[in-house]
Amino acid sequence: MSEPGSPVVVRALSKTFGKTRALDNVSFEVRPGELFGLVGPDGGGKTTLFRILATLMLPDEGSATVLGRDVVKELWEIRARVGYMPGRFSLYPDLTVEENLTFFASVFGTTREAGYELIAPIYRQIEPFKDRKAGALSGGMKQKLALSCALVHRPEILLLDEPTTGVDAVSRREFWDLLGALQTSGLTVVVSTPYMDEALRCQRVALVQKGRLLAIDAPGEVGGRFPGDLYAVRGTPRHALIGVLREFPHAVSVQPFGDTLHYSDARTGLGVAELTAELATWTSARGIHDFDMQPIEPGIEDTFMALMGGVAE
Amino acid sequence: MKLANRVAALRAFVVKETRHILRDRQTLIILLLMPLAQVVLFGFALRTDVNDIRLAIVDAAPDEESLALRARFSGSGRFTTVATLRNPDQLETRFRRGEADVAVVIAPGLASDLAAGVPARVQIITDASNPNTGTTMQAYASTVVAAWQGDLRGARAGVRIKPDIRMQFNPTLESVNLFVPGLIALVLTMVSALMTAISLSREMERGTLEVLLVSPLRPWQIILGKVLPYLFLAFANVLTALLAAWVVFRVPFRGSLVLLLAASTLYTLVGLGIGVLIAARTSSQRTAMIGTMLGTMLPSTLLSGMIFPVASLPAPLQLLSNIVPARWFIVVVRGIMLKGAGVTHLTTELLVLTGMMLFLLVVATRSFRERLA
């Protein structure tokens, strides 16, 4: 990193489209060499944030710097130094793999050869198809090509807006391996994702919902922000169990997670045995059998759901 | 970015854009064949030439000269004499009943007038209920009279003749000669405005424009990179149209081809400016296409003088036609093709087009912002 200090500094950023508040007083910093994740549902404001950081949009209020440069005043200094991958794959489907790469290299003032070293680990995987039209590539390969194109001019920071949306699970994992490798080599990466499993691979994540930043922490620590205790509940039939638990007067949240339900209770200071007995009685009276309940550590997803619920209210 | 890099970036952009054009085979074939198809179709279908004009002749006192003139009309091939009258009084009823299109009234004593050197008095009356065909029929009749006068002048020195009304530059009054310049304007509008608008809005839809904007490319580089390949396509179209016009209709080309191509470049740049403007203000390819159709194709066809003479438009539309680039360009092309006019004869039109081009390119570059909306 040539820049001292934080590669991304966002202060009290707000942006409104008509009546929609796309970003509402958002502040955060990204540390040098960090893999920073923006996690949240579609329409949460992630894309707007990326566009402001990529100097494509002006904020209404607040300020942001990328690599120490102001996104409003110093856009050309920023543009030469960032690698940006917008939400949709931004390739020319009628150009071949190699032609796409050559074009983006030239446009960013370099050549494919000069940038080859950095992109080699990624590009080598798609090089066998270099004469194929980009439109004929699979989702995973398209995304690797798009990443190669964003990297070919050796940017100092990568901004990736939902790079894995619409890509199969194996390719997603491979893609995140590549991001991990890039981050290890010292590149700062800011990436957004709607998938919780991907969020876990970031060093820090920011939860974004309805234009607001709900929490910023290491993915492992985010779980600690869960308000109250959490239990994994099982019972048969499972589909009926959700409704029965939600009717329970003290239930705060009941969310399906794999083959269990995650349950949290409004009351605090209640013993596990006490609550288990209470719920067992409640459910068996309503036709649920094989009831089982265990206290668990809340994960990032639980926290996210809980925090999102708070915003929704 | 260094200058060398900028040039390389622009070159890469032009190469990329050319590939888009060449690989979209169907569109390319349509674009290349369009001028050919249009010249042939418009040339045959839209001509305002009128044949079988029904002629009423009023010859109060026939003599050898009036008979000679009548023979001219019947020999021209375009006129069918439906009535030969002694008295002009009956003409009005004939016209009202729609039995005659044109009447030629020959004053008595034509031969003696000519012999005495007194101006010949021949009146041409035309049914102008359809102004376009009316003008054409009037012109045909005038040419017949003019040709007759011309021969007289050769045969007898000292004959005094009425003002020469021969149609300059288009003696046979072939309407196709007037259409071809209009078609060139239409095709160029299509290639420049329509294709740029489509290709720019395609980049917006694909999201590639977002990456281009984030790149160090300046807006003018993006626009120039888009424009250059289409300029060559436009040249190809002009040449095809000229060739088709000459091969099929023998439309003459009297002026300088270089000047015509230079003027076409100017006009194409105007169109490209409009295309960029429209694309910058629309969000999808489809809207951009409809917008360009309405915003350029319609005025270029209807308000340019291509089909309807500007002079025959209502006053407000005449005023409006001044801001239609095609209106000026058509004058230039007609001038070069049919009159062999040079730059000095077309100064006003070329200056107006240059002004339009500068204005549009500046506005287009401005509206094509450095950022997303």
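Domain bounds here come from an automatic or database domain assignment. The model behind every view below is a predicted one.

**View 1. Chain B and its two domains.**
Domain 1 of chain B takes in residues 3-46 + 174-367, and domain 2 covers 53-155. Taken over C-alpha atoms, the centres of these two domains of chain B are 45 Å apart. Chain B has 14 helices and four strands. Of its 373 residues, 37% count as buried. If you look at contacts in chain B with a separation of 6 or more, 78% of them join residues 24 or more positions apart.

**View 2. Chain A and its two domains.**
Now over to the partner chain. Chain A is also split by the assignment, into domain 1 (8-223) and domain 2 (227-297). The C-alpha centres of domain 1 and domain 2 of chain A are separated by 40 Å. Chain A holds 11 helices and 14 strands, and its C-alpha trace spans about 70 × 45 × 35 Å along the principal axes. Buried residues make up 44% of the 313 residues in chain A. Among the contacts in chain A with a separation of 6 or more, 70% are between residues 24 or more positions apart.

**View 3. Where chain A meets chain B.**
Here the two chains touch: 24 residues of chain A are in contact with 25 residues of chain B. On the chain A side, α2 (75-79), β6 (82-85) and α3 (97-107) each bring at least two residues. Which of these elements gives the most to the side of chain A that touches chain B? That would be α3(A), with four residues.

**View 4. An open sheet in chain A.**
Four strands of chain A make up this open sheet, in the order β2-β1-β4-β5, with antiparallel pairing. The edges belong to β2 (20-30) and β5 (69-70) of chain A; each has a single partner strand, so one side of each has no neighbour in the sheet. Zoom in on β4 (residues 61-66) of chain A and you'll find that β4(A) pairs with β5(A) in the antiparallel sense over two bridges. A:Thr65 has A:Asp70 of β5(A) as its bridge partner.

**View 5. Strand β9 of chain A and its two partners.**
Strand β9 (residues 204-209) of chain A is mostly covered, with five of its six residues buried. One of its partners is strand β3 (residues 35-39) of chain A, paired with β9(A) in the parallel sense over four bridges. Within that pairing, A:Leu38 has A:Ala206 of β9(A) as its bridge partner. Strand β10 (residues 212-217) of chain A also pairs with β9(A), in the antiparallel sense and over five bridges. There, A:Leu207 sits opposite A:Ala215 of β10(A). β9(A) and β10(A) form a hairpin with two residues between them, and A:Lys210 in the turn has a positive phi of about 50°.

**View 6. Helix α9 of chain A, a helix with two faces.**
Helix α9 (residues 238-247) of chain A has A:Leu241, A:Val244 and A:Leu245 buried. Why do these buried residues line one face of the helix? Seen down the axis of α9(A), they fall within an arc of 95°, so they share one face. The face turned away from that buried side carries the exposed residues A:His239, A:Gly243, A:Arg246 and A:Glu247. What do the buried residues of α9(A) pack against? Their neighbours in chain A are β11 (230-236), β12 (251-257), β13 (260-265) and α10 (272-284).

In soluble globular proteins, nonpolar side chains tend to be buried together. The largest nonpolar core in this model has 147 residues, and those with the most contacts inside it are A:Leu53, A:Leu159, A:Val189, B:Ala185, B:Ala241 and B:Phe329. Helix α7 (residues 175-206) of chain B provides the largest share of this core, 16 residues. Take a closer look at B:Phe329: leaving aside neighbours within four places in sequence, B:Phe329 is in contact with B:Ala185, B:Ala263, B:Tyr267 and B:Leu353.

Methods. Residues are numbered from 1 along each chain as its sequence is written. Chains are lettered from A and ligands numbered from 1 in the order in which they are written. This is a predicted model: local features need pLDDT of at least 70, side-chain atom pairs count only at pLDDT 80 or more; totals for chains, interfaces and linings use all residues. A residue is buried if 20 or more other C-beta atoms lie within 10 Å of its own, exposed if 12 or fewer, and partly exposed in between; C-beta atoms are placed from the backbone. The arc is that of the directions from the helix axis to the C-beta atoms. Two residues are in contact if their C-beta atoms, placed from the backbone, lie within 7 Å. Two strands pair if DSSP finds at least two bridges between them. A nonpolar core is a set of buried Ala, Val, Leu, Ile, Met, Phe, Trp, Tyr and Cys residues joined through C-beta atoms within 7 Å.
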